[in-house]
Amino acid sequence: MSETDGAIGIIGGTGLTTLSGLEIAGTRTIETPWGAPSSELTEGRLDGQRVAFLSRHGNPHKIPPHEVNYRANIKALYDAGVRTVIGVNAVGGIHPDMGPASVVIPDQIIDYTWGRAGTFFEGNLDKVTHIDFTWPYDKNARDLLMQAATAHDVAFTGFGVYGATQGPRLETAAEIRRMERDGCDLVGMTGMPEAALAAELGMRYVCLGLVVNWAAGKSDHIITMEEIEAAIEQGMSGVRKILEVSMTGLGTLTALPQPS
Ligand code: HPA
């Protein structure tokens, strides 16, 4: 058993390249059959719980969303013994209640990405596998995140449909209107195929979203890096707090039955 067995995996996105509060035990470079993950794994303890942290865009932040090696990231966490993953995602807000600096724990996904390596089940297969993906985010992990946030007075919204776009450009106002008609509440570039890959390996996966801007056409101005940085500055403390206070609960989750 490695130090990371049973650890919670945290994939940090824009604004969360390192995890403050993590008592670092060490770092590990993992190679996978799918190549190298975006960063080394930083292993340690957060509020007493073993954690493996991976920076989705690299450290420093330099890998754009469409070039992230999502397969290597998920497989590296899996190989390190992680079975529950929290994906932290910066997102744009479409739903009127999801303005900049709000924290959202979504419950559904619509995937608009294209051309990304999005499955482990391809190549020289013994059989074709279709995983169930009805509920992309693990219910127990979501409940525990929300309970911990509520108990510690951290504001969040506990529903939402995450629309995953290809990027790296932001959307047009018409694309956002279409996504709204489709039922999307949030828009981001990194939620997929990460969630599906975790599901393929039988891992629990949950998204902790931080809204960093109103989606295109949802405010009276264009989207600027300054407003994104200001929202990260304002909202990331809530994300960090939720991560910290949910660790004990998440650590009690048992492994899911392995897909056959
Ligand atoms: N669109 C797509 N991805 C994003 C956005 C957005 O408005 N904000 C942060 N990530």
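So, the ligand first: around it sit Ala 90, Val 91, Gly 92, Leu 170, Glu 171, Val 187, Gly 188, Met 189, Val 212 and Asn 213, where being near means having a heavy atom within 4 Å. By the way, this is a predicted model, where local features need pLDDT of at least 70 and side-chain atom pairs count only at 80 or more, while totals for chains, interfaces and linings use all residues. Numbering starts from 1 along each chain as its sequence is written, and side-chain values use heavy atoms, with hydrogens and water left out.

Okay, on to the helices. H2 (residues 139-151) packs with H5 (residues 225-250) at about 125 degrees, axes 8 Å apart. The axes are lines fitted to C-alpha atoms over the stretch in contact, and angles run from 0 to 180 degrees between N-to-C directions. Helices are DSSP runs of H or I, at least four residues, and strands are runs of E, at least two, numbered from the N terminus. That angle makes H2 oblique to H5; under 35 degrees is roughly parallel, over 145 roughly antiparallel, 65 to 115 roughly perpendicular, and the rest oblique.

What touches what? From H2 we have Ala 141, Leu 144, Leu 145, Ala 148 and Ala 149, and from H5 Ile 242, Val 245, Ser 246, Gly 249 and Leu 250, with contact meaning heavy atoms within 4.5 Å.

Most residues other than glycine have a negative phi, and most peptide bonds are trans. Yet Asn 59 and Pro 60 are joined by a cis bond, omega about 10 degrees, and Pro 60 is in the loop between strand S4 (49-55) and helix H1 (70-79). Met 192 to Pro 193 is cis as well, omega near 10 degrees. Finally, Ala 101 has a positive phi of about 80 degrees without being a glycine.
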